[in-house]
Amino acid sequence: MAKKYITTFDVETTGKNVEKDKICWICLKKINKETKQIEEVFNRYINPVIPIEPDAEKIHGLSNNFLSNYLVFKEIAHIIVNFLSDSDIISGYNIMLFDIPILQRELDEAGSDFVICQNMKILDSFNIFKRDTPRTLVAAYKYYTGNDLEGAHDASVDVDATISVLLKQIEEHSDMSIDELCSFSTYDSEIFDINNKFYKSNGDVFFNFGKHKDKRPKDVDRKYIEWVMSLEDFPKSSLKILKDAMK
């Protein structure tokens, strides 16, 4: 029997790593499916215990000092599960890749046996937006220029179309410099390793895979480094990053 509510939620966290970062603010709002009205709200700061990354603090404005007097997640996990229990749909914006995985991990670590995807369907508004608004070059050309693209998939035609789209985007984002627009296009993240084997934080290089994930190569056993370097299918550009990090 279908339940009465949709719960829409969002989290703010100590950083962007689903596997290690913690929730420091969660808001859940319960929507009545029939009336489409919000009937119940759970909005709570959480003491994450671990340090908040400077970039994350800039976004949500929460500091460890401010959160130090609030309850940790384990102490409110049962309240969150109870809040979700009479909803059969969980919704949000771009929740599939981050918000749900980090919430599920927090529930697991708190000892809860509630499994979100086994109890609720997911409604991700971001994915609906993407499907309603095609991201092909043809669609982008039509959106920005108002014209239909003739001869798509001819490399030269596609490049010309891309230039038309780019120039229109530069015009529409005239408040940004080109460098700022570059950052905007990569979601304000520095693309350090296109293969995503390593990432850079505060000037240091860190593993982004394997048993030494989030460790600096120079802090890892030399035998592991030699093993990685011996992998035949390891990307050469990433290998160069590793060698440079070991200097």
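Arg105 sits in helix H4 of this predicted model. Is Arg105 buried or exposed? Its relative accessibility is 14%. Buried means under 20%, so Arg105 counts as buried. Its contacts beyond four places in sequence are Asn17, Val18, Glu19, Lys20, Asp21 and Lys22.

Stay with helix H4, residues 95-109, and look at its packing with helix H3, residues 73-84. The two axes lie 9 Å apart, at an angle of about 110°. Angles of 65 to 115 degrees count as roughly perpendicular, and therefore H3 is roughly perpendicular to H4. The crossing of H3 and H4 is left-handed. Which residues make the contact? H3 contributes Phe73, Ala77 and Val81. H4 contributes Leu103, Glu106 and Leu107. Sorted by class, the H3 contact with H4 holds 5 nonpolar residues, 1 charged residue and no polar ones.

Leaving aside neighbours within four places in sequence, Phe73 is in contact with Leu103, Glu106 and Leu107, among others. The list also includes Ile23, Ile46, Asn47, Ile80 and Ala110.

Now turn to the nonpolar cores. In soluble globular proteins, nonpolar side chains tend to be buried together. The largest nonpolar core here has 25 residues. Which of its members touch the most others? They are Ile26 and Phe73. Strand S1 (5-13), strand S2 (23-32), H3 and H4 each supply at least two residues of this core. H3 gives the largest share, with 7 residues. A second core is separate and has 13 residues. Val205, Ile225, Leu239 and Leu242 are among them.

His153 is not a glycine, yet its phi is positive, at about 80°. Where is His153? It lies in the loop between helix H7 (137-145) and helix H8 (155-172). The relative accessibility of His153 is 74%. Exposed means over 50%, so His153 counts as exposed.

Asn202 also has a positive phi, near 50°, and is a residue other than glycine. Asn202 is in the loop between strand S6 (198-201) and strand S7 (204-207). At 73% relative accessibility, Asn202 counts as exposed.

How values were computed:
Residues numbered from 1 in each chain as written. Predicted model: local features only at pLDDT ≥ 70, side-chain atom pairs only at ≥ 80, totals over all residues. Heavy atoms only, no water. Axes fitted to C-alpha atoms, helices over the stretch in contact; angles between N-to-C directions. Helix = DSSP H or I, 4+ residues; strand = E, 2+ residues; numbered from the N terminus. Parallel < 35°, antiparallel > 145°, perpendicular 65-115°, else oblique. Left-handed = near helix turned anticlockwise from the far one by under 90°. Contact = heavy atoms within 4.5 Å. Nonpolar A, V, L, I, M, F, W, Y, C, P; charged D, E, K, R; others polar. Buried < 20%, exposed > 50% of the residue type's maximum accessible area, 1.4 Å probe, protein only. Core = buried A, V, L, I, M, F, W, Y, C linked by side-chain atoms within 4.5 Å.
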